[in-house]
Amino acid sequence: MDPLLEPDTELWRRAALGDQDAFAELFERHVQAVWNHAYRLTGSWSVAEDLASATFLTAWRKRGEVTLVNESALPWLYTVAGNLARTEHRGSVRRLRLVRRAGPEPVADDHADAVVDRLAASDRVRELAAAVAALPRAQRRVVELCLLGELPVPDAAELLGLAEPSVRAHLSRARARLRTELEGSR
């Protein structure tokens with residue numbers, strides 16, 4: 001880390017006291033990483049943008065309750081984004097079921113979404129997001145943090161309250177399952 005940058009712990013402490021500039025600095029420091037993480041989880045640019053915004057809104061609301069891992073806000077932000085992505089996924093599944101039950105009347109696609117989908121060329125990312133969502137909970141959380149969030153195993157272990165060997169075991173099993181699932185879809 002740049003020695004001139006104030007550590008996340010100090011910025012969070014100041015933000016918890018209501019310092020909007022400190023929170024703005026944290027936002028600028030981490031928004032791109034959170035957006036990238038949300039995109040990897042969802043495969044959608046627009047949903048990732050919404051999730052990144054919601055993640056920082058949650059962070060602002062809960063800034064006094066945040067527990068940082070190794071003086072970084074990123075693990076906590078990744079966890080919030082992952083939780084929001086799961087909630088979004090459940091909601092989209094419910095909406096899809098409702099549309100299917102509503103009858104054969106076609107629902108017009110939003111042109112903007114179609115353009116974003118074509119530009120993103122994200123079919124493979126969506127396959128990965130679906131495969132990750134289908135993993136058992138413990139494996140999914142480890143994958144979200146370590147593989148998608150690029151968080152080191154020791155940090156993920158601390159955040160999840162697990163021993164490092166357990167995190168590595170979950171990661172190994174998840175990689176094997178993902179490899180099998182994604183190779184089978186080709």
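A residue is called buried here when its relative accessible area is under 20%, exposed when that area is over 50%, and partly exposed in between (1.4 Å probe, protein chains only). Helices (H or I, at least four residues) and strands (E, at least two) are DSSP runs, numbered from the N terminus. Just after α7, E150 has a positive phi of about 55°.

The model is a predicted one, in which local features need pLDDT of at least 70 and side-chain atom pairs count only at pLDDT 80 or more, while totals for chains, interfaces and linings use all residues. Residues are numbered from 1 along each chain as its sequence is written, and side-chain values use heavy atoms, with hydrogens and water left out.

Stepping back to the whole protein chain, nine helices and zero strands are found. Of its 186 residues, 36% count as buried. The chain exposes about 11,200 Å², of which carbon and sulfur atoms supply 53%; these accessible areas come from the Shrake-Rupley method with a 1.4 Å probe. Contact means heavy atoms within 4.5 Å. Among contacts between residues at least 6 apart in sequence, 63% join residues at least 24 apart.

A nonpolar core is a set of buried Ala, Val, Leu, Ile, Met, Phe, Trp, Tyr and Cys residues joined through side-chain atoms within 4.5 Å. The largest such core holds 43 residues, and W12, V34, L77, V143, C146 and V167 touch the most other members. Elements giving two or more residues to this core include α1 (8–16), α2 (20–42), α7 (137–148) and α9 (164–184). Beyond its neighbours within four places in sequence, W12 is in contact with F23, L26, A59, R63, V66, L68 and A73.

Helix α6 contains L128, which counts as partly exposed because its relative accessibility is 25%. Not counting residues up to four places away in sequence, L128 touches L148 and L182. The C-alpha atoms of L128 and R40 are 8.1 Å apart in space, although the two residues are 88 residues apart in sequence.

Finally, a word on confidence: pLDDT is the predictor's confidence in each residue, from 0 to 100. The mean pLDDT of the protein chain is 82, and 80% of its residues reach 70 or more. Among the elements, α2 has the highest mean pLDDT (93) and helix α5 (residues 111–120) the lowest (59). Where pLDDT is low, the predicted coordinates should not be read in detail.
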